[in-house]
Amino acid sequence: MSEQPSPLMPVEQALARLLRLAEDSPITEHELVDLAAADGRVLAEPMIAGLDLPPWPNSAMDGYALRLADWQGEPLPVSQRILAGLAPDALQPGTCARIFTGAPVPRGADTVEMQENVSVADDGRVHFHQPLKLAQNIRPQGQENRKGEMLLAAGTRLGPIELGLAASIGLARLSVRRRPRVAVLSTGDELIEPGHKLGAGQIYNSNRYLLVAWLQRLGCEVINAGILPDELERTRQALGELDDVDLILSTGGVSVGEADFLGIALREAGELALWKLAIKPGKPLTVGEFRGRPVIGLPGNPASTLVTFGLLARPYLLRRLGVQKVEPLGFPVPAGFTWGKPGKRREFLRARLENGRVVPYSNQSSGVLRSAAWAEGLAQVLEGTTLAEGDLVQFIPMSELLG
């Protein structure tokens with residue numbers, strides 16, 4: 001009696017399982033790094049403001065600072081000139097102060113009028129031509145944040161804006177999670193590195209360069225574990241030598257063929273967590289452990305590698321670093337194509353936006369990486385659905401996956 005084929009696992013279920021595995025083995029070690037070296041890293045501790053920002057009331061305009069009660073419609077003399085970066089004297093009663101954007105508002109002043117709404121007489125007195133309001137054009141102390149306020153939570157992935165925020169409150173160094181150590185290996189006698197002459201039946205190993213660059217963007221330390229031949233003993237040996245890594249990431253060797261030895265080696269060392277996914281491209285996926293070290297085996301076809309890493313392995317790595325929001329943002333876009341073949345697997349079409357509609361690449365084969373270079377994102381076609389032109393489909397920009 002033949003075995004019934006195992007049901008395909010929905011992508012949401014696969015991701016949920018991966019994230020639970022990630023939470024079971026968080027990367028908690030941290031280090032202090034200079035701001036200039038913190039781009040792409042993940043905060044290990046909350047960022048707490050050590051001062052009010054701005055630390056004192058300052059002018060939002062070039063103009064004149066005065067005490068509103070001193071102005072009765074008559075021109076006021078100028079008693080001082082205040083540039084940004086200078087500590088002003090207290091405002092003399094019955095006068096105004098020439099002030100510039102960002103400069104501290106002098107004690108005793110409670111409003112600023114922009115220079116466009118005034119005129120200066122020959123005797124230097126300032127005429128105010130518009131009605132004035134209390135506190136106008138003044139940025140109050142603590143408008144942006146107060147001392148002791150949490151500005152960024154632990155687990156925040158740092159980018160240029162977050163680093164600028166840290167600098168604005170005077171932080172020169174940040175506590176960040178250490179870099180994940182990820183070993184990248186490829187399997188298959190057919191693979192050869194670029195720069196060598198192709199032999200019969202060989203192809204260049206594009207997946208390694210796709211993954212290494214992507215992992216480095218995620219802040220990982222990448223270990224080149226080479227290309228494994230289609231030999232079980234060599235596969236066992238190579239896996240066993242990777243004893244100081246947080247993740248073993250492979251491409252190929254995870255299907256059900258007789259030469260797919262990675263899956264065999266993993267099954268010998270422990271139970272596999274995942275197998276066949278209801279996703280296209282990218283059906284075969286292996287997640288398990290080898291002697292306590294997590295392993296994710298991605299499919300070998302380049303487009304399948306791209307989709308499964310972006311939608312599954314990338315969120316897994318970010319969650320291990322404590323990032324909570326790990327799924328890429330998408331948005332609905334009218335379809336610029338029809339889809340009349342409802343399938344059992346969710347399809348992620350390499351696509352781009354043209355005239356406000358999403359248009360897929362003409363060849364969606366899982367072996368065609370050129371489709372992803374042409375595309376601006378992935379168009380998601382749900383299981384069991386058909387589409388007419390103009391129907392909404394979810395579009396995930398490549399920038400969300402690669403960022």
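## Pocket, strands and core

The lining of the largest pocket draws at least two residues from each of α2 (160-168), α6 (302-320) and α8 (398-402), helices being DSSP runs of H or I with at least four residues and strands runs of E with at least two, numbered from the N terminus. The model is predicted, so that local features need pLDDT of at least 70 and side-chain atom pairs count only at pLDDT 80 or more, while totals for chains, interfaces and linings use all residues. Residues are numbered from 1 along each chain as its sequence is written, and side-chain values use heavy atoms, without hydrogens and water.

A pocket is an open set of points on a 1 Å grid over the protein atoms alone, where a 1.4 Å probe fits, with protein on both sides within 12 Å along at least five of seven lines, and lining residues have an atom within 4 Å of a point. The largest holds about 470 Å³, a volume being the space filled by probe spheres set on points joined across faces, edges and corners; among its 22 lining residues, Arg157, Arg314, Leu318, Lys325 and Gly403 are the closest to its centre.

Strand β25 (residues 377-381) has five of its five residues buried, that is, under 20% relative accessible area with a 1.4 Å probe, protein chains only. Its pairings, which require at least two DSSP bridges, are tabulated here.

| Partner of β25 | Sense | Bridges | Opposite residues |
|---|---|---|---|
| β23 (residues 346-354) | antiparallel | five | Glu347 and Val381 |
| β26 (residues 392-397) | antiparallel | four | Phe395 and Ala379 |

Conventions: Buried means under 20% relative accessible area, exposed over 50%, partly exposed in between (1.4 Å probe, protein chains only).
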